[in-house]
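User: I'm new to reading protein models and would like a close look at one part of this one. Could you take me through a single helix and then show me what lies around it?

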Amino acid sequence: MSSMIESDELVALRAAVSALGHRHGPGFDRAALWAEAGKLGYLGVNLPEEYGGGGGGMAELSVVLEEAGAAGAPLLMMVVSPAICGTVIARFGTEEQKRAWLPGLADGSLTMAFGITEPDAGSNSHRITTTAERTEDGWVLNGRKVFVSGVDIADATLIVGRTSDARTGSLKPCLFIVPREVPGFQRRHIEMELDANEKQFELTLDDVHLPADALVGDEDAGLLQLFAGLNPERIMTAAFAIGMGRYALAQAVKYAKERQVWKAPIGAHQAIAHPLAQAHIELELARLMMAKAAQLYDAGDDMGAGEAANMAKYAAAEACVRAVDQAVHTLGGNGLTKEFGLARLVTAARVARIAPVSREMILNYVSHQTLGLPKSY
Ligand SMILES: Cc1cc2nc3c(=O)[nH]c(=O)nc-3n(C[C@H](O)[C@H](O)[C@H](O)COP(=O)(O)OP(=O)(O)OC[C@H]3O[C@@H](n4cnc5c(N)ncnc54)[C@H](O)[C@@H]3O)c2cc1C
């Protein structure tokens, strides 16, 4: 049903993706779902129509990820490939870059990872040291990245590096497309306590030579271009968390209606019912903030979207962590069995609390940017 918040088209998109997600369901084959979602146009709903996309925005893309997750079949790489990389290329890429990448990112035949985190910088991305130096015919990159998702399955990784400003000598952030197999670009799989389809990698860039057109966007635009990609990343992390939270909650509600150890099903006990109701409310509230962030972003309000996207990511991650915790508890011993598959979500839910920006860094952002409180760092 159409509502003030969602158009008829968005409601229909939700239903279609939900049906696809349920057809694949938990234990899904990531590559198969990715290919099918791409073919159906879901992966590129946010990308421009002239490059094979759906011509929509983050409102549509976030709904796709949320519904796939709610069906137990989340596609983590949607957070980076169409949302960050697709957005940055669509907004700031050259005509050649758009033609080379956008149709593939939209139909899923190409995937792009995104690398900003560094071992010695972490939450402080102002401290990143991966450097790009100009050569006669292009660039040479040196540096390290950590926790970058999906580098093995991505055709390229969009790497955040820095170039030195000719005038001031200070370093400014720039984005480079680094193909998966290029000399000097090495990856090491980091073993995570996560039962997920996508792997995380530590990356080494050791004199990686790239052509001039590896740079996306203007060398001098710096942070502006980066933030254009990071707001979609936060909105999509919110979608990922809300989807997972909804999936866990639905399993718990189903179980609570059926499981009976006294006179009535366990869901009749308020100690079980109320925390589930609370989880539902918190997920709904997070979803509302996600819709607001997507609306602001799609309307071109990057500043307004920044605050809302951070708040949506925060609210969604907290709601997801609590929903998963309560879902596991609702199933009693079964909450910890492989058969019911909920315990594995305990660590997965925590990802949204720490990445791509931690809970504390969002609280810092709101403290400083929204409330005007002084900074401690
Ligand atoms: C599964 C997974 C996938 C990921 N995928 C990617 C990816 O694809 N690409 C990519 O670039 N990165 C990725 N990351 C990295 C992620 O973005 C970082 O882990 C995150 O930004 C936090 O950085 P850190 O791990 O270095 O933690 P740190 O920065 O070391 O922080 C550690 C703790 O200290 C707190 N803290 C730090 N500074 C402050 C402060 N000023 N005030 C209060 N508290 C503070 C943090 O909130 C956190 O709790 C991924 C991470 C995970 C776990």
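Analyst: Start with the outward side of helix 2: the face turned away from its buried side carries the exposed residues Ala31, Ala32 and Lys39. Keep in mind as you look that this is a predicted model.

Now turn to the other side. Helix 2 spans residues 30-39, and its buried residues are Leu33, Trp34, Ala37 and Gly38. Looking down the axis of helix 2, you would find these buried residues within an arc of 130 degrees, so they line one face of the helix.

Just after helix 2, the chain reaches glycine 41, which takes a positive phi of about 90 degrees.

Next, let's step back to the surrounding stretch of chain. An unreviewed UniProt entry lists residues 27-108 as "domain: Acyl-CoA dehydrogenase/oxidase N-terminal". Over residues 27-108 the chain is 61% helix and 0% strand, with the end C-alpha atoms 20 Å apart.

The domain assignment divides the protein chain into domain 1 (8-111), domain 2 (113-216) and domain 3 (223-370). The C-alpha centres of domain 1 and domain 3 are 21 Å apart. Their contact takes 23 residues from domain 1 and 22 residues from domain 3. On the domain 1 side, helix 3 (58-70) and helix 4 (79-92) are the elements that give two or more residues. Helix 3 gives the most to this side, with 10 residues. By class, the residues of domain 1 that touch domain 3 divide into 15 nonpolar, five polar and three charged.

Finally, have a look at the ligand. There are 21 residues around the ligand, and Gly122, Ser123, Ser149, Ser358 and Glu360 come nearest. Two or more residues of this shell come from each of strand 1 (112-115), strand 3 (138-149), helix 9 (344-354) and helix 10 (359-370). Sorted by class, the shell has 12 nonpolar, eight polar and one charged residues. Domain 2 and domain 3 each give at least three residues to the shell around the ligand.

Terms used:
Residues are numbered from 1 along each chain as its sequence is written. This is a predicted model: local features need pLDDT of at least 70, side-chain atom pairs count only at pLDDT 80 or more; totals for chains, interfaces and linings use all residues. A residue is near a molecule or strand if its C-beta atom, placed from the backbone, lies within 6 Å of it. Helices (H or I, at least four residues) and strands (E, at least two) are DSSP runs, numbered from the N terminus. Ala, Val, Leu, Ile, Met, Phe, Trp, Tyr, Cys and Pro count as nonpolar, Asp, Glu, Lys and Arg as charged, and the others, Gly among them, as polar. Domain bounds come from an automatic or database domain assignment. A residue is buried if 20 or more other C-beta atoms lie within 10 Å of its own, exposed if 12 or fewer, and partly exposed in between; C-beta atoms are placed from the backbone. The arc is that of the directions from the helix axis to the C-beta atoms. UniProt positions are given in the numbering used here, feature names are shortened, and annotations may be inferred rather than shown by experiment. Two residues are in contact if their C-beta atoms, placed from the backbone, lie within 7 Å.
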